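These are my notebook entries on one structure. I set down each point as I looked it up.

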Amino acid sequence: LEIIDEENIKTYKPTTYKKIPVWLGEPTIISANHFKIELERNFNENILLSGIYKDVSINALYNIFNSLIYAFAPGEIAIRIFSFLDNEENTELNFPLLDKISNYFDYKFIENSDFKSELEAINQELIERQRTNNIHSKRVFNFFIGLEKARELYKEDSYSTSKYGDIMKNI
């Protein structure tokens, strides 16, 4: 929630929702009984959206993304988009345009060639939070796009997971 005082100074009041609604429908028709997922502040909250039609899956992703931006004050959450798609597909899906929100949120777009160090950092953060039972840190929302192309999550010529596949399982 943005607050502007008499001197035109912007401040932000943290969100105090117990549950955060994440809408999966078209934003123009959201109502109280519209389909949504409510996120609580717990460990091991994961949502998996999968589909054979990329445009439908991406629309759902953008709707979730918009729900998060609406529900939280700037600086209150971190958003990571891991894309295993090629540059042409990323551009076609308008992912480069999302860089604009980094002025308000802790946002990173991670391409296939750069995912390893960021995945390891998120895993270390998760391990530390679990070790200290820290539930008050900034929420981190990770989106993984194009997992079907994430070859490095598996060992070569095998269905066994690689080191990074094991990290994904932990996250």
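Which residues does glutamate 89 touch, not counting residues up to four places away in sequence? I found Lys54 and Lys149 as its contacts on that count. I note that the model is a predicted one.

Entry on glutamate 89. I located this residue in helix 2, which spans residues 87-92.

Entry on helix 3 and helix 4. I looked up how helix 3 (residues 115-132) lies against helix 4 (residues 163-170). Their axes come within 10 Å and cross at roughly 40 degrees. I therefore describe helix 3 as oblique to helix 4. I also noted that this crossing of helix 3 and helix 4 is left-handed.

Entry on the contact. From helix 3, the residues that meet helix 4 are Phe115, Lys116, Leu119, Glu120, Asn123, Leu126 and Ile127. From helix 4, I listed Lys163, Tyr164, Ile167, Met168 and Asn170. Sorted by kind, the residues of this contact are seven nonpolar, two polar and three charged.

Entry on the faces of helix 4. I found Tyr164, Gly165, Ile167 and Met168 to be the buried residues of helix 4. Viewed down the helix 4 axis, they fall within an arc of 155 degrees, so they line one face of the helix. Helix 3 and strand 7 (139-145) are among what covers these buried residues. On the face of helix 4 turned away from the buried side, I found the exposed residues Lys163 and Lys169.

Notes: Residues are numbered from 1 along each chain as its sequence is written. This is a predicted model: local features need pLDDT of at least 70, side-chain atom pairs count only at pLDDT 80 or more; totals for chains, interfaces and linings use all residues. Side-chain values use heavy atoms; hydrogens and water are left out. Axes are lines fitted to C-alpha atoms, for helices over the stretch in contact, and angles run from 0 to 180 degrees between N-to-C directions. Helices (H or I, at least four residues) and strands (E, at least two) are DSSP runs, numbered from the N terminus. Angles under 35 degrees count as roughly parallel, over 145 as roughly antiparallel, 65 to 115 as roughly perpendicular and the rest as oblique. A crossing is left-handed if the near helix is turned anticlockwise from the far one by less than a right angle, and right-handed if clockwise. Contact means heavy atoms within 4.5 Å. Ala, Val, Leu, Ile, Met, Phe, Trp, Tyr, Cys and Pro count as nonpolar, Asp, Glu, Lys and Arg as charged, and the others, Gly among them, as polar. Buried means under 20% relative accessible area, exposed over 50%, partly exposed in between (1.4 Å probe, protein chains only). The arc is that of the directions from the helix axis to the C-beta atoms.
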